[in-house]
Amino acid sequence: EAVAAGGAAEAAGLKPGDRFTRLDGRWIETVDDLQVATPALPAGATVTAAVVRDGSEVELTLTPRRGL
């Protein structure tokens, strides 16, 4: 559970231990859900995500560099 320094995840505000609950309007309940949702994200477009961090939901704005 690491976030690479200088990487896209760090730039988006993700922290180690964050757990996705929504991504671009899709509910994320499992890792499989996340793996299905991420390739569909348009590179360069702004999308919203929600993560659980320390027991609270946090909303983030992400800009994929390319289909993840």
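**A walk through the sheet and its core**

Let us start with two strands: S1 (residues 19-23) and S2 run antiparallel and are joined by 2 bridges. Strands here are DSSP runs (E, at least two residues), numbered from the N terminus, and two of them pair if DSSP finds at least two bridges between them. Across this pairing, Arg22 stands opposite Trp27 in S2. This is a predicted model, in which local features need pLDDT of at least 70, side-chain atom pairs count only at pLDDT 80 or more, and totals for chains, interfaces and linings use all residues. Residues are numbered from 1 along each chain as its sequence is written, and side-chain values use heavy atoms, leaving out hydrogens and water.

Now step back to the whole sheet. It is open, with 4 strands in the order S2-S1-S3-S4 and antiparallel pairing. Strand S2 (26-27) and strand S4 (56-62) are the edges, each pairing on one side only.

Next, look at Arg19, which lies in strand S1. Arg19 touches Ala50, Val51 and Val52 (heavy atoms within 4.5 Å), not counting residues up to four places away in sequence. Arg19 and Val51 are 32 residues apart along the chain, yet their C-alpha atoms are separated by 5.1 Å.

Finally, turn to Phe20. Beyond its neighbours within four places in sequence, Phe20 is in contact with Leu14, Ile28, Leu34, Ala49, Ala50, Val51 and Leu62. Phe20 also belongs to the largest nonpolar core, which has 12 residues in all, among them Leu14, Ile28 and Val51. S1, strand S3 (47-53) and S4 each supply at least two residues of this core, and the largest share, 3 residues, comes from S3. Such a core is a set of buried (under 20% relative accessible area, 1.4 Å probe, protein chains only) Ala, Val, Leu, Ile, Met, Phe, Trp, Tyr and Cys residues joined through side-chain atoms within 4.5 Å.

Notes
Buried < 20%, exposed > 50% of the residue type's maximum accessible area, 1.4 Å probe, protein only.
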